[in-house]
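Here is a short note for someone opening this model for the first time. Please keep the structure in view while reading the points.

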Amino acid sequence: MSQPIIVWFRQDLRLDDNMAVAACVEANAPMIALFIDDRQHERQAGAVSLWWRDQSLQALADELQRRGSQLILREGDAASQLNQLIDETNPQAVFWNRQYYAESIARDTAIKADLQARQINVESFNSTLLFEPWQIRSKTANTPFKVFTPFWKACQTHGIDTRIWDAPMQFLAPSKWPQSLALTKTNLPEGAHALDQWQPGEAGARKTLHRFLSENIHGYADGRDFPAKPATSRLAPHLRWGEISPRRLFAETSAAPVSDNDQRKFFAEIGWREFSYQTLFHNPNLKTTCLQPKFEAFPWREGAEAEDDFEAWKNGTTGYPIVDAGMRELRQTGYMHNRVRMIAASFLIKHLLIDWRRGEAWFWERLADADPANNTASWQWVAGCGADAAPYFRIFNPIIQGQKFDPEGHYTKRYIPELTGLSGKMLFSPWLAKSDLLENANVQLGQSYPKPIVEHDFARNRALDIFKALA
DNA sequence: CTCGGTTTTCT
DNA sequence: GAAAACCGA
C-alpha cells in the first residue's frame, strides 16, 4: 500500500469540491483527514462560531466514517502537531486549502518551507474563493480594485469556473490509524438558546442551498431586504466553515429556474464575499486599522455614558425597536438579518459614535457566520472608512427603516413581544405615540420597553458634524 | 398656501 | 439613505 497523504482541514469542512481532498484521491493514496485546533495562529473564533465548528467537525467525522475513513483531531500549535503526526504516519505528502489572513499565511508559509526542506511534498489549493485575492487586478493601474462594481465586473469577465468535484463514497484508509482526540462540544453563550434551527455540516449546507433555490430565491432581489420574509439564503454560516463551495453555489444557481434579476443579486452577494477576502488579503490589519487613515483621528465616544449605551445596544434596549429586534435576534439565534445588521451597525457608529471595532468584536462573538473577512470589511464599510464604503452622510433613520422594511412589524414583534399591541408606523417610534394608544397596547415606556437612549435628529446632526469635520 | 411626489444635495 | 429643495395641481 502506498504512503498516506495528510489532508489538513481548516475552514473547508466538506468533502465534495474540496481540492485538497481531490488531490489526495487523484494520487490514489490513503487519506488521513486532520483538523488542528490551533488557537495561537488564527483569530480565535467567537463563542457561537466555535459551537458551529464543533457541530460541523462532528458532521465531517460522521461522513468520513460512512466512507471508510476517519477524522483525526489534534490541538495546539499547528506546526508541532503536524510534525508529530508526520512522525507517526510517514506520509508522502501534506495537502491543505489556503486561508487568507495574515496569521495563517505566515504560519502556513513557515510550515511549507520546513516540510519541503525535509523532502515532504506539500501542496496548497484554493477551495474557499472563486478567485485568489491576488488574481483580479485593474487593467489600467494593475492594482487590486478598491471599488466593488468594477471588481465584480472584472471577475465576471475573467470567467467563473463552475466545475464541481464530487468526493468518492469510499476513501482509502491507512494501514494504521493514528490517535485522535475526542470531539468536544462548545457550550453556547448565555441567551443563545435558539440555534436548533440550524444544521451545521456539509449535508445541512446542501439542504439549505436546495431549499433556497427551490423556494426563497424567487423574489430575492427585493425580498432580501425584508427581515420578516424568508427570502435570504441563510448560507453564510455554512460558507464560513467551508461546508459548501462558492463554485457550487454558482453552478447550482445557474442551473436552477431563477430569474435573471434574482440570480444577479444573489451572485453579487457572493461577489461581496470575494471582495472582502481580497480587501483583507491586501490589508492584513483590516480588523484593527481603518482603511482610510483619516478615520484614525475619529473622536469616538468613551466613558461611563458611552459604556451604558454600548450595553444597551448589545442587550437590545436602545429604545429603537428595529435596532433592538436585530440585537435580540443576534443574541438568541446567532444570526441577524442583513438589512437589520446594517441598521444596527449604523446606529452604533453614527448615533452612538462608538468605535466600529467594538461592534465588530460583538458580532464576531455572537454571529454563527462571523467571518474574518466579511465581518471586518462590512463594519468598515458601514463606518465609512472601508473599501467602497458608505458615504458619511448616509445615516440610517431607524424609524423610517423599520417602517419601510418591516411594514407589518412581524419581525420586530417576534423579538420584542412587549410591543405586540402596537400597530402601524407607531411601532417604530413608540415615544411618539399618544398616551391612550400606548395604554391600549399595554406599553409602559421606560418600564416595559425603554425610551430611546438618544434622540434621532440630535444624533444625526452630531454625526454629520463630526464626520464632516473629519473629511 | 399646501399636499404629494420627484430631484438634488450632502464628501 | 435622508432631508431639503423644488414643482405641479
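Of the atoms of DNA strand C within 4 Å of the protein, what percentage belongs to sugar or phosphate? The share is 88%, and the rest belong to bases.

1. Ground rules. This is a predicted model, in which local features need pLDDT of at least 70 and side-chain atom pairs count only at pLDDT 80 or more, while totals for chains, interfaces and linings use all residues. Residues are numbered from 1 along each chain as its sequence is written, chains are lettered from A and ligands numbered from 1 in the order in which they are written, and side-chain values use heavy atoms, with hydrogens and water left out.

2. Around DNA strand C. The residues here are Arg-339, Phe-393, Arg-394, Ile-395, Phe-396, Asn-397, Ile-400, Gln-401, Lys-404, His-456 and Arg-460. A residue is near a strand if one of its heavy atoms lies within 4 Å of it. By class, this surface has four nonpolar, three polar and four charged residues. Nonpolar covers Ala, Val, Leu, Ile, Met, Phe, Trp, Tyr, Cys and Pro; charged covers Asp, Glu, Lys and Arg; the others, Gly among them, count as polar.

3. The largest share, three residues, comes from α16. Helices are DSSP runs (H or I, at least four residues), as are strands (E, at least two), and both are numbered from the N terminus.

4. A polar backbone atom of Asn-397 lies 2.8 Å from a phosphate oxygen. The side chain of Gln-401 places an N or O atom 3.3 Å from a phosphate oxygen. Phe-393 reaches a base instead: a backbone N or O atom is 3.3 Å from a base nitrogen.

5. Around DNA strand B. Tyr-392, Phe-393 and Lys-468 are the residues here. An N or O atom in the side chain of Tyr-392 is 2.9 Å from a phosphate oxygen of DNA strand B.

6. Helix α1 (residues 19–26). Which residues of α1 are buried? They are Ala-20, Val-21, Ala-22, Ala-23 and Cys-24. Buried means under 20% relative accessible area, with a 1.4 Å probe and protein chains only. These residues pack against β1 (5–9), β2 (31–37), β4 (93–97) and β5 (121–125). Asn-18 caps the N-terminal end, with a side-chain oxygen 3.2 Å from the backbone nitrogen of Ala-20. Asn-28 follows α1 and has a positive phi, near 60°.

7. α5 against α10. The axes of α5 (residues 148–158) and α10 come within 10 Å and cross at roughly 105°. The two helices are therefore roughly perpendicular, a label for angles of 65 to 115 degrees. Gly-271 is found in α10 (residues 260–282). Gly-271 is buried, at a relative accessible area of 0%. Gly-271 touches Phe-148, Phe-151 and Trp-152, not counting residues up to four places away in sequence. Contact means heavy atoms within 4.5 Å.

8. α12 against α14. The axes of α12 (residues 321–333) and α14 (residues 356–366) come within 9 Å and cross at roughly 40°. Met-327, Leu-330 and Arg-331 of α12 meet Trp-362, Phe-363 and Arg-366 of α14. This contact has four nonpolar, no polar and two charged residues.

Methods. Axes fitted to C-alpha atoms, helices over the stretch in contact; angles between N-to-C directions. Polar contact = N/O pair within 3.5 Å; in protein donor to acceptor, adjacent residues only side chain to side chain. Buried < 20%, exposed > 50% of the residue type's maximum accessible area, 1.4 Å probe, protein only. Parallel < 35°, antiparallel > 145°, perpendicular 65-115°, else oblique.
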